[in-house]
Amino acid sequence: MKCPIAICLMGLLGALAASGGNGTTIARVKGLIDLRGATQTLNGTSGKWLPAGEKIVVTNGTLKIETVRYSEFGGELIALKDGTIGFGASLNLQMTKGAPRILADGGTVDYTGKNSYVGVSLDDYHATGIVEVVNGGRFNARQSSDFVFGQGRGNVGKLLIASGGTADFGATPVTLGNSDGARGVLHVQGGTLRLGALSTPSAGALVDATFDRATLVAAAASDSFVGAKSAQGSYKILAGGLTLDNAGSNIGIAASFGGTGGLTLAGAGRTTFTAAQAFTGTLPTTLGTYTLVYTAPAGTTNYSAPSLN
């Protein structure tokens with residue numbers, strides 16, 4: 001594969017040598033990076049880098065990105081098969097300006113930073129940030145506060161998981177739409193999402209979440225593992241269905257799911273539903289104990305059992 005800017009192993013090592021062997025600024029390394037099994041570090045500075053239209057693509061090795069405080073970018077970071085992109089613990093990630101994207105396409109992206117906002121604009125509206133995990137790729141994120149998709153009116157944050165991809169946030173909560181007018185998008189199609197909780201704290205947020213051949217796994221006990229959606233939100237189970245796995249913890253579901261797909265409940269813990277459900281698919285139960293509070297609307301084939309233990 002020919003790089004738009006020919007950065008392969010020798011070019012990268014040359015840049016490292018020029019900076020004293022401790023790394024190079026992110027702005028100097030753009031294009032395809034074939035690390036040939038090596039691990040290298042890019043030392044960025046606080047502020048803006050990787051503008052819209054530019055990308056870093058990593059294969060066959062590990063690229064670590066370190067910054068001092070926070071980082072805004074509008075381009076693309078892509079981890080192909082056998083490639084890993086790692087973010088340093090001091091990073092405050094802000095995906096802004098245009099349509100920035102982090103893509104784990106068969107590769108791995110590890111993020112252990114601080115506050116993260118996917119789809120946020122610091123000085124104007126209408127940014128769209130995307131985290132996409134496909135073809136067996138992995139996105140692993142750990143931080144103490146919510147990982148936010150969609151921050152600020154007119155901004156959009158998207159988490160897209162498909163084709164065997166896995167996004168693992170550990171006990172970190174994920175927020176869809178953190179303010180009125182912000183839009184949070186979650187599409188899981190043939191993939192797995194593991195997290196501490198899923199929430200929509202703003203009543204005026206625009207939320208679009210779909211699950212199709214999807215698995216949603218609880219990383220910790222939570223009374224509100226899937227929080228109530230906003231008035232303008234939509235949680236739909238599509239034809240391929242959703243597997244909800246409490247993974248041995250006690251969890252609560254305050255959201256109402258719609259759609260034509262079915263729900264499979266798994267895990268040795270207790271799953272409690274506290275909202276009326278509108279999905280019309282089947283409800284097979286595998287393991288565990290479940291309390292279902294279902295109030296079926298008239299004319300549907302939904303469930304109306306107050307409890308099933």
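Contact here means heavy atoms within 4.5 Å. By that rule, and not counting residues up to four places away in sequence, T166 touches V133, G137, R138, F139, I161 and T192. This is a predicted model: local features need pLDDT of at least 70, side-chain atom pairs count only at pLDDT 80 or more, and totals for chains, interfaces and linings use all residues. Residues are numbered from 1 along each chain as its sequence is written, and side-chain values use heavy atoms, with hydrogens and water left out.

T166 lies in strand β17 (residues 166–168). Strands (E, at least two residues) are DSSP runs, numbered from the N terminus. T166 counts as buried because its relative accessibility is 16%. Buried means under 20% relative accessible area, exposed over 50%, and partly exposed in between (1.4 Å probe, protein chains only).

Next come the strand pairs. Two strands pair if DSSP finds at least two bridges between them.

| Strands | Sense | Bridges |
|---|---|---|
| β5 (residues 61–66) and β8 (residues 83–87) | parallel | five bridges |
| β11 (residues 108–111) and β14 (residues 138–141) | parallel | four bridges |
| β14 and β17 | parallel | three bridges |

G61 stands opposite G83 in β8. V109 has F139 of β14 as its bridge partner. F139 is also one of the residues that T166 touches. N140 has D168 of β17 as its bridge partner.

Which residues of β5 form its covered face? They are G61, L63 and I65. T62, K64 and E66 make up the uncovered face. In a regular strand the side chains alternate between the two faces of the sheet.
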